[in-house]
Structure formats: structure tokens, C-alpha cells
Amino acid sequence: MACPTSVLAPRALASRENLRLLPCARGPGVQLRAALASAGAEHFQRPAASEPRPGEGETRRPQVAPGQALGFWQERLADQLLPLWRLNYEEQLKVKFEVLKKSLEQLQSRLHSPGGASGEPRGLGALLQPFVPSPVIEGYRNKSVFSVNRGPDGHPQTVGCFLRSPGGKEIFCVPADRLRALPASHLQVAQCYEAFLRQTPAQPGLSPPGLGPWRRLRVRTGLQGHRMAIVTFHAQGLSQEAVRTHKERVRDFFTSGPGAACGLTSLYLKESAAPGPGLSGFPRYELVAGEPHVLEDVLGLRLRVSPGAFFPPNTGAAEAVCRLVAELSGADGSAAVLDLSRGTGATGLSLARRAAHVWSVQLAGQAVEDARWSSAFNAPRVLRAVRGCPAIRTLVFVSSRPHREDMDAFEQLCCPVPGGQDPQGEPFVLGRAVPVDAFPHTLSSQLLLAFTR
């Protein structure tokens, strides 16, 4: 049997030549620092604080200034969710590069503090490589999420994204037409869903008032032309007959009614709550019409994406990450890969062309939620095992940014072990950092850090 040389886990790909850590995905929300003013910070607004889950919480009438046009609120929404959208792409990358430089300076400071990693830290000029740009700048997202709630005009059935009113006292939905990250096909589904809601009879007995049983909308698309819509349905208090009627209405609307213009290849309902007492609800994801999956292509690999599966939101950037992982890891024909990641396994499969063997253990459904807790709980043990394995010589860490929990992991891998503890093996040394712009118009990106020993 070939010697196992690689492990791809929710946070790790370990090998005699390489190890990759895959942290749980983190969304945008980084605040722009005042030090970036020279890069156009006067255009940016601080992102709103954490928002409620779409369709949840109390619906309150927003205090909208009289005569304020919808375009004003759509621009405010873009400033909140895509803080770099007013800059050209070259300027966006400059801003992001400065943000990453500060993060790496903090990391270097922690790793080489008194009692930290041995040796002199590498200068940022040698450590931080140029940005790998996103192949697609406009409409790059293959997955979009839309909320349903009261809009700026007071209509209770508005489909869009949450925005706080001036002063932050009210929250309402604004149509997402000016979000440059979203493709036109996603916006079309959102517009049709809103039309469907506004022709749906009111359900005053349900909370929030006037919203009815319909909640969040998710749209997935693939490069093969597949379009999937997933509608969250709140069935609490409804009879089985009422649930069946609602399902038939949404199916007919998107298959033979006005929504057929969206060209959906899959339509799912996601259960938010079961019907009334003693009545069984439908499955968590129920296929109402069409195909059960979206097919996606990554580096020539055909991947199947289920409605609840994780898949990187920027397919082109995901391909760039896979190429870089292969390059930085140095995987060759003698490597064996164990894929323990959640999602579609794109990275492990892409390395299969270079490696001798690939073993995969995938998690699905509720097991993913349990695995997130288990992964966080057991991470120190995993890092000790990795560092204690002398056959692992290279490690590649993929991060949305080196956040605090990532930096803690780096310290365990690179710094001496306090006295009285197990030696854990030879420490790693940070050698290269390569940023990939997976989220144009935002301050978020993906950073690949290569460690060796």
C-alpha cells in the first residue's frame, strides 16, 4: 500500500509534502481602516452590524425620508454590502493588498514575539505575493440569498437584502438590482418571486404580519446553464391542505406561469417549521420541480451541487485556488490524499490528477452542523498530530484572512511548545502568502499561506 502522504480535512490537507487547512467559510464584513483613505475611503460606508436572518424578527415600518427615490436606497445597500464597488478594479486590489499587509504584519509580530518562532521573519516584500485577480468581476456569484420583508416604500412583501435605515433603528428590504456581484439571472428570479408573493393572498394570522408563509430565497447557478431556486417556507399553523395548495401555486408559477421566464431547472422548498400540531411537515428540502442538482465545472471536473451543499461562490476564483494549492503543496505522483472537507470536494479531486491515491469522507445534512462544533473542539488535537508527524514537510493554509482563530493555529504550528508539554515535533516556518480575489467589490479575499520545515 502506498504511504499516506496527504490529508484534506475541513481545516487541513496534510502530506509528507503538503498540508492544507480549510477554515469554515467566513462572509464579508471587514471594516475599512482610516489608513486606507488615500485609496478612496471617502466612498466607503461602515457595513451594518449583524443583521437578522431573512424573514425573521419583528417587521417594523421604516422611517423613510419623503420623496426619497428607490435608487438612493439601492446605492446605500451597495455601500453596505460591496464597500469597494465605486472603485475601478485596479484600485480595489490596491485597497485589499493594504488590508492583507496589515494582517500579515500582525501575524509576523505574533510568530516572532519573545518566545515565539525561531529565526528572523521574512520581509513582507518577499512573503506577500501579488494578488491573483478574479477571472470575473461583474455578476461573479453562483449563489445569492434574498430576504423577504417590508421595503422602503412600506410594502410588506419586498424581495431584496436587509438595510438599516439612517440611525440604524429600522431594518427593511431593498431590491438588490445595483449589487454588481449578482448576475442578472439571479435578480430575475428575485423579481419573479416578489411578483409571486404580491399575488399571494394575505395571511394576517401569521407572523410577521402580512408576510405570509414565504421566507428567504436562494438562487444557485452553474456554468452548464443550470438554475436552482430554493424557497424557505414557514408552515407553522397551516393545515396539510393549505401547505399542499401553497406548494402547487409556487410550482405552477415557476413552471407554467410568469416565473417560467426564469428558466429554472430546479425548484426546492426548504422547511422552516412543521405544520400545525399532530401534522407532519415535508422534508427539509423538497424538490417541487425539475432536476435535483446543479452541475458545475471546475478545472475540467464535473461537480454535482445539492441544494444544501457548500460550494465556493466564485467558480473562477475557486479554480485559481485549486491551481495554487497544487503549486504550493508540491503534490506529485507519490502523494496520497485523504479528503475530509465538507462541500463538493473540488480541491481534493483537482489534486487527484497529481496524486497517487485520493480517499474521501464527505459530510452531509445535519452532520455538517455537528462537524463544525467537533472541528472547533478538536482543532488543537489535529494541529498537534500534524506537527508531530515528521513526514509532513509543507503546509498550505487557505484563509479568508488570518483572523484570530487562524493566528492561534499558526502559533501552535510555528512556535516553541511551553515547558512541561509534549514537544510536538519540529515547528513550521511561514514562507509564502498568495492572495486570491474571490470577492470583487468587497474587502474580503482568500489568502493561501505556505509553511515549510
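Visitor: Phe253 and Phe254, buried or exposed?

Guide: Both Phe253 and Phe254 are buried. Keep in mind that this is a predicted model.

Visitor: How do the rings of Phe253 and Phe254 sit relative to each other, and what are the distance and angle?

Guide: Their centres are 5.1 Å apart and the planes stand at 80 degrees, so you'd call the pair edge-to-face. The cut-off behind that label is an angle over 60 degrees.

Visitor: Which residues are in the ring cluster with Phe253 and Phe254?

Guide: Tyr193, Phe196, Trp214 and Phe233 join Phe253 and Phe254 there, linked through ring pairs.

Visitor: And how many aromatic pairs does the structure hold?

Guide: Ten aromatic pairs. One of them is Phe196 with Trp214, edge-to-face, with 5.2 Å from centre to centre and 80 degrees between the planes.

Visitor: Where do Phe196 and Trp214 sit in the chain?

Guide: Phe196 is in helix H4, residues 184-198, and Trp214 is in strand S7, residues 214-221. They're 18 residues apart, and the pair links distant parts of the chain.

Visitor: What relative accessible area does Phe196 have, and what about Trp214?

Guide: Phe196 comes out at 0%, so it counts as buried. Trp214 is also at 0% and therefore buried. The cut-off for buried is under 20%.

Visitor: OK, switching to charges. How many salt bridges turn up in the whole structure?

Guide: A search finds 14. Take Lys96 and Asp437: their side chains meet in a salt bridge with an N to O distance of 2.4 Å.

Visitor: Where are Lys96 and Asp437 in the chain?

Guide: Lys96 belongs to helix H2, residues 89-111, while Asp437 lies in the loop between strand S16 (429-436) and strand S17 (446-452).

Visitor: Lys96 and Asp437, buried or exposed?

Guide: Buried, both Lys96 and Asp437.

Visitor: Which residue does Arg110 form a salt bridge with?

Guide: Glu411, with the closest N and O atoms 2.5 Å apart. This pair also links distant parts of the chain: Arg110 is in helix H2 and Glu411 is in helix H9 (residues 404-414), 301 residues apart.

Visitor: Why do Arg110 and Glu411 count as partly exposed?

Guide: Because Arg110 has 25% relative accessibility and Glu411 has 27%. Partly exposed covers what falls between the buried cut-off, under 20%, and the exposed one, over 50%.

Visitor: Back to helix H4. How far apart are Glu194 and Arg198 there?

Guide: Four residues, so they're separated by about one helical turn. Glu194 and Arg198 form a salt bridge, with the closest N and O atoms 3.8 Å apart. Glu194 is buried at 17% relative accessible area, whereas Arg198 is partly exposed at 36%.

Visitor: Which residues are linked in a network of salt bridges?

Guide: Glu75, Asp79, Arg86 and Arg178.

Visitor: Now the big picture. How many helices and strands does the protein chain have?

Guide: Nine helices and 17 strands. The chain has 453 residues, and 51% of them count as buried.

Visitor: What share of the contacts join residues at least 24 apart?

Guide: 68%, taken among contacts between residues at least 6 apart in sequence.

Visitor: And the accessible surface, what does that come to?

Guide: About 20,100 Å² for the protein chain, with 53% of it belonging to carbon and sulfur atoms.

How values were computed: Residues numbered from 1 in each chain as written. Predicted model: local features only at pLDDT ≥ 70, side-chain atom pairs only at ≥ 80, totals over all residues. Heavy atoms only, no water. Helix = DSSP H or I, 4+ residues; strand = E, 2+ residues; numbered from the N terminus. Buried < 20%, exposed > 50% of the residue type's maximum accessible area, 1.4 Å probe, protein only. Contact = heavy atoms within 4.5 Å. Areas by Shrake-Rupley, 256 points an atom, 1.4 Å probe, with all protein chains shown as cover. Phe/Tyr/Trp six-rings, centres within 6.5 Å; stacked < 30°, edge-to-face > 60°. Salt bridge = Lys/Arg side-chain N within 4 Å of Asp/Glu carboxyl O.
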